[in-house]
Amino acid sequence: MAGRYLGIALLLGLALSLPVASAPPSGPTWKQLTPAQRQVLAPLAGEWDKLEPERRLKWIGVAERYPTLEPEQQRRLQSRIKEWAGLSAEERETAREKFRNLQQLPPERRATVKEKWESYQQLPEEERETLRTAGPKRMAPVSAPAPADPAAAPQPPASAASAPSTVQSAAPRP
């Protein structure tokens, strides 16, 4: 009987000595933010408590830097926070992926992209809207140059030329 109690006591002692697995910190709730932080991050209020802790901390960092910005930068930041809050989860992930890709570009290529972006920003709003609605430009497919001598053009093997083709072209039709 004493051995049984000793075994239970050892088991209990072992269980109590193990570190307690706790849930990861969730970061501050919306109510725990300062009034200044809530004012800056107001567009995110409805979804704040659903954000991952890392994202909350990043947004808090944005809110902390906000007072140091020039008034025009503050207006731009507020506009971008509103835009971000209006994006769907898929659109946000696409934006994050584009950002990661941009960060991986060599410095020269990144500078080129930045110059193009700044040029775009200088365009009148109507022209930017036209470009946005037109979508990205598609490059024309590159075709092989026609041979100078048609007789020199490669010909399909005789067996392929006479056999009926059941494979359809993979090229999209216009």
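**Figure 1. Ala95 in helix α5 of a predicted model.** Ala95 lies in helix α5, where helices are DSSP runs of H or I with at least four residues, strands are runs of E with at least two, and both are numbered from the N terminus. With a relative accessibility of 30%, Ala95 counts as partly exposed; buried means under 20% relative accessible area, exposed means over 50%, and partly exposed lies in between, for a 1.4 Å probe and protein chains only. From C-alpha to C-alpha, Ala95 and Trp84 are 9.6 Å apart in space, and 11 residues separate them in sequence. The model is predicted, so local features need pLDDT of at least 70 and side-chain atom pairs count only at pLDDT 80 or more, while totals for chains, interfaces and linings use all residues. Residues are numbered from 1 along each chain as its sequence is written, and side-chain values use heavy atoms, with hydrogens and water left out.

Figure 2. The volume of the largest pocket is about 2400 Å³. A pocket is an open set of points on a 1 Å grid over the protein atoms alone, where a 1.4 Å probe fits and protein lies on both sides within 12 Å along at least five of seven lines; lining residues have an atom within 4 Å of a point. Grid points are joined across faces, edges and corners, and the volume is the space filled by probe spheres set on the points. The largest pocket is lined by 39 residues, of which Arg80, Ala95, Lys98, Phe99 and Trp117 are the closest to its centre. Two or more lining residues come from each of the elements α3 (53–65), α4 (71–86), α5 (89–104), α6 (107–122) and α7 (125–134). By class, the lining of the largest pocket holds 17 nonpolar, 5 polar and 17 charged residues. Here Ala, Val, Leu, Ile, Met, Phe, Trp, Tyr, Cys and Pro count as nonpolar, Asp, Glu, Lys and Arg as charged, and the others, Gly among them, as polar.

**Figure 3. The salt bridge of Glu47 and Arg92.** Glu47 and Arg92 form a salt bridge in which the closest N and O atoms are 2.6 Å apart. This pair links distant parts of the chain, with Glu47 in the loop between α2 (35–40) and α3 and Arg92 in helix α5, 45 residues apart. Both Glu47 and Arg92 are buried. A salt bridge requires a side-chain nitrogen of Lys or Arg within 4 Å of a carboxyl oxygen of Asp or Glu. Side chains of opposite charge can pair when their charged atoms come close. The whole structure contains 9 salt bridges.

**Figure 4. Arg96 and Glu93 within helix α5.** A salt bridge joins the side chains of Arg96 and Glu93, at 3.5 Å from N to O. Arg96 and Glu93 are separated by about one helical turn because they are 3 residues apart in helix α5. Arg96 counts as buried at 18% relative accessibility, whereas Glu93 counts as partly exposed at 37%. Through salt bridges that share partners, Glu93, Arg96, Glu97 and Arg100 are joined into one network.

**Figure 5. The salt bridge of Glu52 and Arg55.** The side chains of Glu52 and Arg55 form a salt bridge of 3.4 Å, N to O. Glu52 has a relative accessible area of 41% and is partly exposed; Arg55, at 26%, also counts as partly exposed.

**Figure 6. Tyr66 between α3 and α4.** Tyr66 is placed in the loop between α3 and α4. Its relative accessibility is 16%, so Tyr66 counts as buried. Tyr66 touches Val40, Gln74, Leu77 and Gln78, leaving aside residues up to four places away in sequence; contact means heavy atoms within 4.5 Å. The C-alpha atoms of Tyr66 and Gln37 are 9.0 Å apart, although 29 residues separate the two along the chain.
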